[in-house]
Amino acid sequence: MSKSINDIKNELANADKETRESLIEVYKSDTRKGVAKLIEKYEKQEIALEKEYKRLELMHQFENKYSDYEFIAGIDEAGRGPLAGPVVAASVILPKDCEILYLNDSKQVSAKKRDELFDEIKEKAVAYGIGVSSPGRIDEINILQATYEAMRAAIKQMSETKSPDILLVDAVHIPEVQTKQVGIIKGDAKSVSIAAASILAKVTRDRFMIQMDEMYPMYGFASHKGYGSKAHIEAIKKYGPSPIHRETFIKNFID
């Protein structure tokens with residue numbers, strides 16, 4: 001007696017990759033439409049997974065290029081453009097054999113997937129650090145210098161666990177840092193280390209802005225995270241600035 005479609009479904013779902021490939025070959029001869037749909041589903045998944053492995057292989061190009069360095073750190077930031085909230089930087093050292101599927105530039109990843117990756121990165125990282133520059137500090141020294149300051153803080157925090165031998169940085173060169181740096185334009189889409197840092201920075205900042213939404217609900221921080229949406233600008237004009245607004249960024253919207 002042949003197995004039920006539900007039994008085959010469970011068998012495929014619970015099998016490891018090699019076993020599933022063998023089962024697919026076995027069940028290809030089953031003429032039932034339900035089985036054919038299951039086979040089609042898993043074959044599409046295998047094609048998509050193979051594509052993802054190839055994408056990640058390309059994202060290791062700089063890690064492979066500088067593989068003579070033992071500890072390679074990626075550095076990135078989140079929040080240079082918003083009207084409110086801090087700028088947050090992160091630095092991450094991943095193991096050389098680390099595999100984190102769907103790791104990418106944080107802007108290319110859904111909020112749900114970013115949260116999942118955030119936990120996986122922290123779990124697998126050799127070391128990581130988070131640096132924050134407040135809105136007041138941004139107003140005091142300007143956004144670029146505040147970003148550099150947050151990056152230096154992230155590196156310092158990470159170095160308490162493991163000092164990096166080389167830094168892969170998204171586009172910029174960080175002043176006052178002695179460690180060798182490699183600036184990579186659009187690095188968060190080209191380097192797994194920088195992509196990991198972009199996820200940590202983005203999620204950390206987004207979570208902070210969601211907390212701020214509870215304190216200052218009239219601005220809608222949970223939805224726009226402090227960026228200059230139409231609704232956000234209208235709220236600034238109506239209620240004035242909050243304590244977490246960047247005064248140098250909103251001077252055109254207030255009297």
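Helices here are DSSP runs of H or I with at least four residues, strands are runs of E with at least two, and both are numbered from the N terminus. With that in hand, hello everyone, and let's start with Y216, which sits in the loop between helix 8 and helix 9 (221-224).

A word on the ground rules. This is a predicted model, where local features need pLDDT of at least 70, side-chain atom pairs count only at pLDDT 80 or more, and totals for chains, interfaces and linings use all residues. Residues are numbered from 1 along each chain as its sequence is written, and side-chain values use heavy atoms, with hydrogens and water left out.

Back to Y216. Is Y216 buried or exposed? Its relative accessible area is 18%, so Y216 counts as buried; the rule is that buried means under 20%, exposed means over 50%, and partly exposed is in between, using a 1.4 Å probe and protein chains only. Leaving aside neighbours within four places in sequence, Y216 is in contact with F221, S242, P243 and I244, where contact means heavy atoms within 4.5 Å. Take S242 from that group: Y216 and S242 are 26 residues apart in sequence, and their C-alpha atoms are 7.5 Å apart in space.

S193 is buried because its relative accessibility is 2%. Which side chain does S193 join through a polar contact? The partner is E63, at 2.7 Å. A polar contact is a pair of N or O atoms within 3.5 Å; within protein, one must be able to donate a hydrogen and the other to accept it, and residues adjacent in sequence count only if both atoms are side-chain atoms. Not counting residues up to four places away in sequence, S193 touches E63, I72, A73, G74, V92 and L94.

Two of those names, V92 and L94, come up again in the core. A nonpolar core is a set of buried Ala, Val, Leu, Ile, Met, Phe, Trp, Tyr and Cys residues joined through side-chain atoms within 4.5 Å. The largest one has 23 residues, and V92, L94, I100, L103, I121 and I199 have the most contacts inside it. Strand 2 (87-93), helix 5 (111-124) and helix 8 each supply at least two residues of this core. Helix 8 gives the most to it, with eight residues. There is also a second, separate core of 17 residues, and I75, A154, M158 and L167 are included in it. As for V92, once neighbours within four places in sequence are set aside, its contacts include I121, M158, S193, A196 and L200.

Next, empty space. Rolling a probe the size of a water molecule over the atoms shows where such space is left. On a 1 Å grid over the protein atoms alone, a cavity is a set of points where a 1.4 Å probe fits but cannot get out, while a pocket is an open set with protein on both sides within 12 Å along at least five of seven lines; lining residues have an atom within 4 Å of a point. Grid points are joined across faces, edges and corners, and a volume is the space filled by probe spheres set on the points.

How many cavities of 30 Å³ or more are there? The count is one. The largest cavity holds about 50 Å³, and its lining is made of L56, H60, L94, C98, E99, I100, L103 and V192.

The largest pocket has a volume of about 160 Å³. It is lined by 13 residues, and E77, A78, S106, K107 and Y227 are the closest to its centre. Strand 1 (72-78) and helix 8 each supply at least two residues of this lining, and helix 8 gives the most, with four. By class, the pocket lining has two nonpolar, three polar and eight charged residues. Here Ala, Val, Leu, Ile, Met, Phe, Trp, Tyr, Cys and Pro count as nonpolar, Asp, Glu, Lys and Arg as charged, and the others, Gly among them, as polar.

Last, two lysines to look up on your screens. K186 is not a glycine, yet has a positive phi of about 55°; K186 lies in the loop between strand 5 (180-184) and helix 8. With a relative accessible area of 61%, K186 is exposed. K225 also has a positive phi of about 55° without being a glycine, and is found in the loop between helix 9 and helix 10 (230-239). K225 is buried, with a relative accessible area of 15%.
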